[in-house]
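Please keep the sequence and the model in view while reading.

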Amino acid sequence: MTRRNAGGVGVSPTKHRALLAAVVALIVALSAGIYIGVASGGGTAGTGTLARGSAPHNSAAPVSTGTWVTTWSASPSGAEPGTETGGMAGRSVRNVVHTSVGGTSARVTLSNHYGQSPLTVTHATLAVAAGSDTAAAITETMRRLTFGGATTVVVPPGGQVLSDAVPVTVPPDADVLVTTYSPTASGPVTYHRHARQISYVAQGDRAEDATGAAYTEETTYWRYLTALDVLSNEADGTVVVLGDSLTDGITSTQNANRRWTDVLSERLRSALESGADLPRYSVVNQGISGNQVLADGLGRPADNESGLGRFSRDVLDRTNVKVVVIDLGVNDILRNRRLADPDAVLGGLRTMVRQAHARGLKVVGATLMPFQGHRGYTDAREGVRQAINSEIRAGRVFDAVVDFDKALRDPYNPRRLRPDYDSGDHLHPSDRGYEAMAKTFTLTNLHGSAPANL
């Protein structure tokens with residue numbers, strides 16, 4: 001018997017079965033493709049221990065929804081002294097970083113910016129820390145990271161790499177452990193010098209050690225890791241803060257997350273939880289101690305690259321940036337052997353603003369805080385600071401202004417920091433001073449985008 005389709009063309013039973021089998025095979029193939037995509041970044045990973053050299057054991061699950069944002073970042077600040085030849089060969093580096101917002105999937109950026117040879121990472125993991133001040137992980141959150149589906153990645157000198165996404169619940173305001181193991185020598189190590197956070201090192205490949213027992217060496221550096229992104233349902237974009245040691249939080253309490261950007265993140269999160277009409281943004285810190293608007297440090301590539309030089313990499317290239325905050329210029333004044341030209345510093349700031357505007361980004365800028373009493377103070381340098389602040393306050397540099405100078409200066413001597421806001425070196429704030437900086441920031445300034453004309 002011959003069946004007829006809707007068009008009247010005869011189809012034999014044998015051909016009908018063959019056609020049905022082909023359709024089923026196509027559906028199976030498409031399902032497998034979807035599974036592979038989910039397993040590489042959108043599904044739910046298994047909670048068991050992952051075998052070395054194999055792909056992660058991910059189970060099929062619906063693809064997560066949300067927005068990719070950066071929840072933590074740190075700028076590569078230089079080449080770590082003493083690692084020029086061996087790098088971190090044969091050791092596991094467990095970086096401890098603190099999240100701004102949470103998410104349902106995560107991915108990391110590893111950098112070999114200052115490396116002079118390829119960096120081979122054969123084992124990398126991500127896990128939520130079991131608590132504060134610890135190398136131990138919550139076991140069921142341990143995830144093996146892959147790069148283009150492979151567990152081994154080679155990062156060329158001067159390069160960086162973004163991992164595949166792994167499904168994992170990352171809480172806001174929490175510590176996350178990102179561990180890398182490299183069996184071969186590669187140096188020097190790209191690092192962030194002033195982390196204000198203890199991280200850990202272990203001998204051998206201990207990337208999936210959840211107990212943390214092997215991590216007997218402590219370090220105040222972040223190595224290789226420059227960003228942690230999350231797929232978030234609680235954030236729609238990223239605020240990137242570019243700055244120097246005042247943003248890096250060099251005098252803030254270690255392991256306490258008291259940099260002014262940390263406090264700003266807490267303020268924004270609390271306000272949103274209370275129902276405030278504010279943008280849902282993460283806040284990340286791109287401060288480097290000693291950073292200047294115009295001048296690089298020494299070396300090739302330069303340690304402590306200028307704000308202008310690193311603006312594209314450290315600000316514009318962060319994930320889903322919406323607002324830029326700039327707090328730079330004090331070191332241009334203090335580190336210039338001659339008297340700094342305020343017009344040159346302002347010109348550099350305006351160049352960064354134009355670059356941000358070209359991407360549709362709003363820019364909030366900070367006035368420069370006082371530093372009388374610091375060893376670099378002179379009346380002439382104070383004059384340069386006042387000239388720069390005058391232009392900033394007049395609205396001729398940034399889209400909006402946060403007046404750190406007014407908020408932290410001594411009302412009885414405005415050339416100095418207020419005593420209770422001074423860490424003691426008359427330049428960097430105390431924890432209370434950093435808190436005052438964050439509280440001075442007007443959260444509604446996060447609304448909006450770049451104006452058509454500044």
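## Terms and model

Two strands pair if DSSP finds at least two bridges between them. Helices (H or I, at least four residues) and strands (E, at least two) are DSSP runs, numbered from the N terminus.

The model is predicted: local features need pLDDT of at least 70, side-chain atom pairs count only at pLDDT 80 or more, and totals for chains, interfaces and linings use all residues. Residues are numbered from 1 along each chain as its sequence is written, and side-chain values use heavy atoms, with hydrogens and water left out.

## Confidence

pLDDT is the predictor's confidence in each residue, from 0 to 100. The chain has a mean pLDDT of 89, and 85% of its residues reach 70 or more. Over residues 1-63 the pLDDT is below 50.

Strand β15 covers residues 175-182, and eight of its eight residues are buried (under 20% relative accessible area, exposed being over 50% and partly exposed in between, with a 1.4 Å probe and protein chains only). Asp175, Leu177, Thr179 and Tyr181 point one way, while Val176, Val178, Thr180 and Ser182 point the other way.

β15 pairs with β7 in the antiparallel sense over eight bridges; here threonine 180 is the bridge partner of valine 93. With strand β10 (residues 123-128), β15 forms an antiparallel pairing over six bridges.

## Serine 92

Serine 92 lies in strand β7, residues 91-98. Its relative accessible area is 0%, so serine 92 is buried. The side chain of serine 92 reaches the backbone oxygen of glycine 204 at 2.6 Å and the backbone nitrogen of arginine 206 at 2.8 Å.

Key. Contact = heavy atoms within 4.5 Å. Polar contact = N/O pair within 3.5 Å; in protein donor to acceptor, adjacent residues only side chain to side chain.
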